[in-house]
Amino acid sequence: MDLFGNRGVPLQKQLFTWKDLVGKPISKLDDEAFTRVRVILMNSLELDALRLSHLAARMNGELRRPLAEIRRAEQHQATTVNWLLSADHSPLETTIAYEQVAVEVTAEVAQREPDAYLAQVYRFGLLEDVDHLYRYSALLDRLEGKDSNNILQGHTDIVPGRPTADGHRAPIDDVRRPCDANAPLASKLFATLITAAEYQTHDYYMTIGPTFADPIARQLYAEIASIEEQHVTQYASLLNPRLSFLELMLLHEATEVYGYYSCAQSESNPRLRALWEQFCDYELGHLHVVGDLIRKYERRDPAEVLDGALPAPLEFKSQRDFVRDVFEAEVNLRANGYDFVPRERESDATLAYRYHVNADGSPSTQVAAAYHWTSGTELNRSIRRAA
């Protein structure tokens, strides 16, 4: 994909009707699980683009009009993508899907990341996402009597990771060392991508957590939402803080192009493949608008910001073997400042924070106290015991 040789669809031609925005949703049973992974991932990128643009508009009067025009298209793309999720997903089943995105996409990025330290950051967060999936699977079994494998379709293991109760850290131990100014383009794209995914997961949990009546469910969402905020802090800190807003926005548009391009290469649903290709062309249009803004306001060639070729498309596939290897080697790692250390070298600040926040117990520990995943949930286990 040539980012600057293809100008995509001009912004003024990116128009939608309400029927365009609210199309036929995917099927929970008939569509492949990774189709839903793509839907959730690209929705997170679109919403993160809106978030970044709105923040910039608060601080820069000259950019408000061009940003408003881009935002309207991004808003409608986000709606189109998000509304692909079908109504037969319960909020808890959608939660399972969000955690599958976190596990599978972070594992893919961890293997693609060219910088050893950044790859370690992704592996560290990955093991906490694995555990979140396990805890929510226990909650799904408890509240709805459902096997989360109906959502995961056998691609993702339902096993404990680094215990969620051990994932609570002092804020200073969640900030990581940022990319070098001359980091490969892939590193910048990956940091943007995973930050967006974690941000949307955090926001989703903050939205639906209070809607549960079960007290353990309410507490579990509160606990894991807190760690999702830690993850946003961790991944967002990987981007170089010296980048200007327009550089960040250009990088974000390139990440959206890369995301849609990756989705189109592997999508099994022809209707959605066409949508991913359409929105890839739309994002190329946005990228060139932002590139023109960089030329106008920063007197720079945008190709300097996006120096280097796009990485190979993301592969949406089961990362089970890689996740198991990471668990075996790194489950006992902890964070101390920028660094990852053995459990016994955790900072005093984190130990004090964790002691306080878990003083009344950890909901994630409680929800899985008697849970061990087996196919078919509690009903199947009862039948086996009776037999």
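Which helices each supply at least two residues of the lining of the largest cavity? Helix 4 (91-112) and helix 12 (320-330) do. The legends below describe close-up views of a predicted model.

**Figure 1. The largest cavity and its lining.** The structure holds four cavities of 30 Å³ or more, and the largest cavity has a volume of about 60 Å³. Its lining consists of Val103, Glu104, Val130, Thr156, Asp157, Val159, Arg320 and Val323. By residue class, this lining divides into four nonpolar, one polar and three charged residues.

**Figure 2. The largest pocket.** The space in the largest pocket comes to about 490 Å³. It is lined by 21 residues, of which Leu52, Thr195, Ala236, Leu239 and Leu248 are the closest to its centre. At least two lining residues come from each of helix 2 (33-59), helix 7 (185-208), helix 8 (215-236) and helix 9 (245-266). Helix 2 gives the largest share, with six residues. The lining of the largest pocket is made up of 14 nonpolar, five polar and two charged residues.

**Figure 3. Aromatic pair of phenylalanine 16 and tyrosine 282.** The count of aromatic pairs in the model is 16. In the pair formed by phenylalanine 16 and tyrosine 282, the rings lie 6.0 Å apart, centre to centre, with 85° between the planes. Because planes over 60 degrees apart count as edge-to-face, this pair is classed as edge-to-face. Phenylalanine 16 belongs to the segment before helix 1 (18-21), and tyrosine 282 to helix 10 (residues 270-298). The pair links distant parts of the chain, 266 residues apart. Phenylalanine 16 and tyrosine 282 are both buried.

**Figure 4. Surroundings of tyrosine 117.** The ring centres of tyrosine 117 and phenylalanine 340 are 6.2 Å apart and their planes are at 35°, so the pair is tilted. Tyrosine 117 is part of helix 5 (residues 116-144) and phenylalanine 340 is part of strand 2 (residues 339-342), so the pair ties together parts that are 223 residues apart in sequence. Tyrosine 117 and phenylalanine 340 are both buried. Arginine 177 lies over the face of tyrosine 117, with 4.6 Å to the ring centre.

**Figure 5. An aromatic cluster and a charge over a ring.** One aromatic cluster is formed by Tyr98, Tyr136, Tyr204, Tyr205, Phe212 and Tyr221. A further panel shows arginine 162, whose charged end sits over the ring of phenylalanine 124 at 4.1 Å from its centre.

**Figure 6. Histidine 132 and the residues it touches.** Histidine 132 is located in helix 5. With a relative accessible area of 0%, histidine 132 is buried. Leaving aside residues up to four places away in sequence, histidine 132 touches Glu99, Thr164, Ile224, Ile227, Glu228 and His231.

Figure 7. Glutamine 153 occupies the loop between helix 6 (149-152) and helix 7, and its relative accessibility of 28% makes it partly exposed. Arginine 299 is found in the loop between helix 10 and helix 11 (302-305). The relative accessible area of arginine 299 is 68%, so it counts as exposed.

How values were computed:
Residues are numbered from 1 along each chain as its sequence is written. This is a predicted model: local features need pLDDT of at least 70, side-chain atom pairs count only at pLDDT 80 or more; totals for chains, interfaces and linings use all residues. Side-chain values use heavy atoms; hydrogens and water are left out. Rings of Phe, Tyr and Trp (its six-membered ring) pair if their centres lie within 6.5 Å; planes under 30 degrees apart count as stacked, over 60 as edge-to-face and the rest as tilted. Helices (H or I, at least four residues) and strands (E, at least two) are DSSP runs, numbered from the N terminus. Buried means under 20% relative accessible area, exposed over 50%, partly exposed in between (1.4 Å probe, protein chains only). A charge sits over a ring if NZ of Lys or CZ of Arg is within 6 Å of the ring centre and within 35 degrees of the ring normal. On a 1 Å grid over the protein atoms alone, a cavity is a set of points where a 1.4 Å probe fits but cannot get out, and a pocket is an open set with protein on both sides within 12 Å along at least five of seven lines; lining residues have an atom within 4 Å of a point. Grid points are joined across faces, edges and corners, and a volume is the space filled by probe spheres set on the points. Ala, Val, Leu, Ile, Met, Phe, Trp, Tyr, Cys and Pro count as nonpolar, Asp, Glu, Lys and Arg as charged, and the others, Gly among them, as polar. Contact means heavy atoms within 4.5 Å.
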